Amino acid sequence: MKLYEQYPVFLTNSLTGKKEKLETQIPGFVGMYVCGPTVYNYVHLGNTRTFLSFDLIARYLRFLGYHVRYVRNITDVGHLVGDVDEGEDKIGKKARLEQLEPMEIVKRYTEDFHTVMRQFNILPPNIEPTATAHIIEQINIVKKLIDLGLAYEVNGSVYFDVKKYNQSHHYGILSGRNIEELMESGRDLDSQDEKREKIDFALWKKASPEHIMRWPSPWGEGFPGWHIECTVMSTKYLGETFDIHGGGMDLKFPHHECEIAQATAANGKPPVRYWVHSNMLTVNGQKMSKSLGNSFLPSELFSGNHKLLEKGYSPMTVRFFMLQSHYSSTLDFSNEALNAAEKGFKKLNNALTLIKSLHLQKTAVNTETEKVLLQQADNCFQNMSDDFNTAKTLAVLFEMASQINSWAAAKQLNVSEPVFEKFKFTYVAMMEEVLGLKEETGGNNELLAGTVNVLINLRKKARTDKNFALSDKIRDDLKAIGIQLKDGKDGEMSYEIE
RNA sequence: GGUUCCGUGGCCGAGUGGCUAGGCUGAGCUCUGCAAAAGCUCCUACAGCGGUUCGAAUCCGCUCGGAACCUCCA
């Protein structure tokens, strides 16, 4: 029996608003697509949270035994800056500002993105396609939509006919809108021009003379519209209908709504079985975003070099911090919360280090304890399978950490070997493989360890001689440079680098 | 204005009808030469007002407060 059969996954489907059992199209296989970053700038912490959320989902599904194909794109064609403005594109704009080739911009920020992903221990997707590598496919689907009569060309640009699509389908199915309201609301656009209705969206845009990124097409030189790349790349690698489509909450409308419309129109069936949206990271209750000026970069967070930060925090501390809340809830950022997370993570991290090296003497087996431990191990899976509830899982891991500490203190094992092994396996696997919380050793190396051991031995001698002034000085001085000595019961000492 | 979501103890944050969330902080105890770490114990909340129910933080209604989306955004 596979783990995914033993612990079937339930996830909240944004399409229905309900928690549903994951029934994949092909048993044992999961196709998942997540909207990746637009690489026209450094990714900030808010962006990172989304990728972390889906990293977790991919990790857990794989852990359960699913064969996961995880596709996360890189948007290297700028989305349109305004709605129907001059056809300006973010990447092109930045490129002109900096006097660079667009692809130079793309490369720089793609590399930054990958670096950040690595720092947070976010695993790479199986396929990371770029929009610019799929121009032909995008043109083809636009052609197809025109042939189907659901798109129209005006002056070298092509738009999707939402009103027409809505006659046979529901545009707004995902975000709970109807097109009458959409057509009434919203601001009146200054250059309301070529589109038949303002809710129509661009599939292909004609490139203005100064527009740098451009490709030839049946409609002249231009570039793909905002939403079409995701439809093309997801269906190319995962099929016309695939299991999970993820992305940030802010992409639900219009981006994902448009994806559904395009794909459904082109292929005659809905593209996605389960839509999953991760919520925003907030600062003082407000969405972290570049335009609000309340965002910060991962590097600033690590170094503490930012006006909103009191100090720096390690990548795993930040990862832990984010895992303490559910992906579907907003998470508010604060120094206080980060400090709490730092301590909490340290506790779990210490237990992780400990359990890997525990040597315990067997004593009488306590069957009650065994029951509790097996229940804890089981709960980890139950919680994760319940819409990837990392917060609840962490709560169990804290209980498990207490158990580990107790064992270490007693040096005795009061459960049977198989129970211990299962417990240990679950704790280590949940921490490292599922939650991706890597052990942080704090710049440990052999030379340092040897040096500290010399000092530890000197201090042992001092303590035996009751020379507490000296032993305290050794401890205090080491503490001052960030090494905390801990005295064990039987005269042994350990240390921890802070 | 429209659509949707949220409001939990000092702080963060789980929780979808009855059972201790958990972390951080604070207090006490144990261990310790003193610390640190660890263990144990305590601080028992659910915006307000109504309603449904034997029973609601959890369901319904209203009020107040906050947020996201409706325009590029993870």
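Which strands form an open sheet, and in what order? The legends below take up that question first and then turn to other parts of this predicted model.

**Figure 1. An open sheet of four strands in the predicted model.** The sheet has the order β5-β6-β7-β8, and its strands pair in the antiparallel sense. Its edge strands are β5 and β8 (222-224), each of which pairs on one side only. From one strand to the next, the twist averages 20 degrees. Strands of a sheet pair through backbone hydrogen bonds, in either a parallel or an antiparallel arrangement.

**Figure 2. The hairpin of β5 and β6.** Strand β5 covers residues 151-154 and strand β6 covers residues 157-160; the two run antiparallel and are joined by four bridges. Two residues lie between the strands of this hairpin. Asn155, in the turn, has a positive phi of about 50 degrees. Across the pair, Glu153 stands opposite Val158 in β6.

**Figure 3. The pairing of β6 with β7.** Strand β7 comprises residues 201-206 and pairs with β6 over three bridges in the antiparallel sense. Val158 has Trp204 as its bridge partner in β7.

**Figure 4. The largest cavity and its lining.** A search of the whole structure finds two cavities of 30 Å³ or more, and the largest holds about 100 Å³ of space. Its lining consists of Arg49, Leu52, Ser53, Leu56, Ile57, Met322, Leu323, Ser325, Tyr327, Phe388 and Thr390. The elements that give two or more residues to this lining are α2 (45-63) and α11 (315-323). Helix α2 gives the most, with five residues. An α-helix has 3.6 residues a turn, so residues three or four places apart point the same way. By class, the lining of the largest cavity comprises seven nonpolar residues, three polar residues and one charged residue. Domain 1 (3-278) and domain 2 (283-434) each provide at least three residues of the lining of this cavity.

**Figure 5. Helix α11 and its buried residues.** Helix α11 is largely enclosed by the rest of the structure, because eight of its nine residues are buried. The buried residues are Met316, Thr317, Val318, Arg319, Phe320, Phe321, Met322 and Leu323. Met322 and Leu323 also belong to the lining of the largest cavity.

**Figure 6. The second largest cavity.** About 40 Å³ of space lies within this cavity. The residues that line the second largest cavity are Thr231, Ser234, Thr235, Phe242, His245, Glu259, Ala263, Pro271, Val272 and Trp275. At least two residues of this lining come from each of α8 (228-238), β9 (242-248), α9 (252-267) and β10 (272-278). Helix α8 makes the largest contribution, with three residues. The lining of the second largest cavity divides into five nonpolar residues, four polar residues and one charged residue.

**Figure 7. The domains of chain A.** The chain is divided into domain 1 (3-278), domain 2 (283-434) and domain 3 (446-497). The centres of domain 1 and domain 3, taken over C-alpha atoms, are separated by 57 Å. Domain 1 and domain 2 both contribute to the lining of the largest cavity.

Technical notes: Residues numbered from 1 in each chain as written. Chains lettered and ligands numbered in written order. Predicted model: local features only at pLDDT ≥ 70, side-chain atom pairs only at ≥ 80, totals over all residues. Heavy atoms only, no water. 1 Å grid on protein atoms, 1.4 Å probe; cavity = no way out; pocket = protein on both sides within 12 Å on 5 of 7 lines; lining within 4 Å. Points joined across faces, edges and corners; volume = space filled by probe spheres on them. Nonpolar A, V, L, I, M, F, W, Y, C, P; charged D, E, K, R; others polar. Domains from an automatic or database assignment. Pairing = 2+ DSSP bridges. Axes fitted to C-alpha atoms, helices over the stretch in contact; angles between N-to-C directions. Buried < 20%, exposed > 50% of the residue type's maximum accessible area, 1.4 Å probe, protein only.
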